[in-house]
Structure formats: C-alpha cells, structure tokens
Amino acid sequence: MHKVVINGLDTQSLPRLNAQQSNDLLDKIRQGDKQAKDTFVFANVRLVLSIVQRFRNKGNSDDLFQVGMIGLLKAIDGFDPKYNVRFSTYAVPMIQGEIRRFVKESTGIKVSRNLRDIAYKALRAKEIMETGSDHAPSVMEVAQEIDIPIREVAMALEAVSETISLQESVYKDGEDSLMLMEQLGDPRQSEEHWSDKIALTQAVATLPDKEREVLHLRYYVGKTQTEISRAIGISQAQVSRLEKNAIGKLRESL
C-alpha cells in the first residue's frame, strides 16, 4: 500500500463524521452556512486522498489533490438528499471525473477500442437524428436511440473530443486577455446550472412512480432497456414507452 503525501496537510487533524453529522452539515450547507461547508470539506479530504491514491502514478500528488478537491466542491454543490444515496456514493465519480480530465489533458491518455466504438455509434446516430430536424439531439436522446446507458455515451464522446487547455485565450484585446479557466469560473453559469437542476428535480417529482422508476434505472443506475424490463417485470416495449412518455413530459415542463 502506497501512502499519498500532500505538502502541508496533517491528516491526523481532519475531523471524522458519522452519517447523522454529515446529514446535519449538508442541511446547514443548503441553508448557506459557510462554516458548515468548511467543516464538511475538511471532513471529506480523506475521501479525496483515497481517490488520488488510485492515480498516484499519473502525476504529481499535490496537483491531483487540488483537482480532486475541485471535484469534491462540485459534488457538495450538486448533492441533493432526494437522490437517496450517501454523499460519498455521489461524490466519488465526480472526483474521479475531475482527476481523469486533468490527467487526460496532461498526458493524452489513449482511448480504448470500446469507447471509440460507442462514440462512433453515438456520432452516427446524432448525424442521422439531426437530418430533417430543427434541433440537435441531446446526449440523453442519442443514448436512448442506440440503447446504451447515458453515462457510457457521455464518457465515450468526451474521450474522443479534442482537449483544450484551461490556459487557452478565448478573448484578447491588446494587453487584456481572458482565459478559458476564467470563463468557466463565471458565477453566473453556476447559478444557471442550479436553476436548471432545481427545475429538472421538480419536473421529475411530478412524474408517475413507474415512469420515475424507469428514468432512475435508465439514467442514474445506467441499465439498458432490456435490463430494466427484467428487473421490474415488464416488456422492453413497455419500458421504451414509459421512458419516451417521461422524457416528453419533462420537455414540456422545462
């Protein structure tokens, strides 16, 4: 077992929280309590370190730790108790995703054959769906069309997309310039993200139980329509119909 050492960090001083304490702090964070957020962040540093350890051969530990902490903060901002999962369950893939993106930008990781195949299917389906349509299909619609979990489709498309440096200039006027990382940090974008998330959560809550269950299994758990039909005991055609009905209602609501 290799230990990850972060400069200036004494893990012995980090607080430990039980499930109830975590829930209480998350409630306070949603009410805007900054001190509660600071406490919760420090209490979850060990979670970030455990994930950084998996990437210890991919880069400098301090850099990976900083990127992992960004993922942790995003997870705290995006977590909702309605997801009915532990915070760590929600946070781990977000922290891993931030680190993977950083490593990919830094080292140019090769894309696996499986991801390339999924990306090709998704791009081909997207091209066909755009023909004669007045809008570009979403990742959710493309995933539904090729019957592959949305998380796999999103991961594949991201893997084959061209990477852009966070230091790349997106605006320059004489000596004044604006880098991509500064644009991404615009707080107005964060507010828009929150607004969309709240609207989506409210819209999903209005769906019938069966449709909500199908969407949960399809896009949160990541099951295919065939797997869902076996899990809840209905035909794949019924699963497809419930999914399309639910998506149609969400479009109308949003």
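Predicted model: local features only at pLDDT ≥ 70, side-chain atom pairs only at ≥ 80, totals over all residues.
Analyst: Local features need pLDDT of at least 70 and side-chain atom pairs count only at pLDDT 80 or more, while totals for chains, interfaces and linings use all residues. Residues are numbered from 1 along each chain as its sequence is written, and side-chain values use heavy atoms, with hydrogens and water left out.

User: How many helices and strands are there in the protein?

Analyst: The protein has 13 helices and 2 strands. These are DSSP runs numbered from the N terminus, with helices being H or I of at least four residues and strands E of at least two.

User: What percentage of contacts between residues at least 6 apart in sequence join residues at least 24 apart?

Analyst: The figure is 61%, a contact being heavy atoms within 4.5 Å.

User: Which residues touch the most other members of the largest nonpolar core?

Analyst: They are Leu-72, Phe-87, Ile-95 and Ile-99, in a core of 28 residues. A nonpolar core is a set of buried Ala, Val, Leu, Ile, Met, Phe, Trp, Tyr and Cys residues joined through side-chain atoms within 4.5 Å. At least two residues of this core come from each of α1 (19-30), α2 (34-43), α3 (45-54), α4 (61-78) and α5 (87-107). The largest share, 7 residues, is supplied by α4.

User: What is Ile-95 in contact with, leaving aside its neighbours within four places in sequence?

Analyst: Ile-95 then contacts Leu-47, Val-48, Ile-51, Gly-68, Gly-71 and Leu-72.

User: And which residues of α3 are buried?

Analyst: The buried residues of α3 are Val-45, Leu-47, Val-48, Leu-49, Ile-51, Val-52 and Gln-53. Because 7 of its 10 residues are buried, α3 is largely enclosed by the rest of the structure. In soluble globular proteins, nonpolar side chains tend to be buried together.

User: Changing topic: where does Ala-122 lie, and is it buried or exposed?

Analyst: Ala-122 lies in helix α6 (residues 113-130). Ala-122 is buried, at a relative accessible area of 2%. Apart from neighbours within four places in sequence, Ala-122 is in contact with Val-142, Ile-146, Val-153 and Leu-157. Ala-122 and Ile-148 are 26 residues apart in sequence, and their C-alpha atoms are 9.1 Å apart in space.

User: At what angle do α6 and α7 pack?

Analyst: Helix α6 and helix α7 (residues 139-146) pack at about 105°, with their axes 9 Å apart. Axes are lines fitted to C-alpha atoms, for helices over the stretch in contact, and angles run from 0 to 180 degrees between N-to-C directions. The angle makes α6 roughly perpendicular to α7, since angles of 65 to 115 degrees count as roughly perpendicular, under 35 as roughly parallel, over 145 as roughly antiparallel and the rest as oblique.

User: Which residues meet there?

Analyst: Lys-121, Ala-122, Ala-125, Lys-126 and Met-129 in α6 meet Glu-141, Val-142, Glu-145 and Ile-146 in α7. By class, this contact has 5 nonpolar, no polar and 4 charged residues. Ala, Val, Leu, Ile, Met, Phe, Trp, Tyr, Cys and Pro count as nonpolar, Asp, Glu, Lys and Arg as charged, and the others, Gly among them, as polar.

User: How does α7 pack with α13?

Analyst: Helix α7 and helix α13 (residues 236-253) pack at about 165°, with their axes 12 Å apart. That makes α7 roughly antiparallel to α13. Met-140, Glu-141 and Gln-144 in α7 meet Glu-243, Lys-244, Ile-247 and Arg-251 in α13. This contact has 2 nonpolar, 1 polar and 4 charged residues.

User: What follows α7?

Analyst: Asp-147 follows α7, and its phi is positive, near 55°. Asp-147 lies in the loop between α7 and α8 (150-160), and at 25% relative accessibility Asp-147 counts as partly exposed.

Definitions and conventions: Buried < 20%, exposed > 50% of the residue type's maximum accessible area, 1.4 Å probe, protein only.
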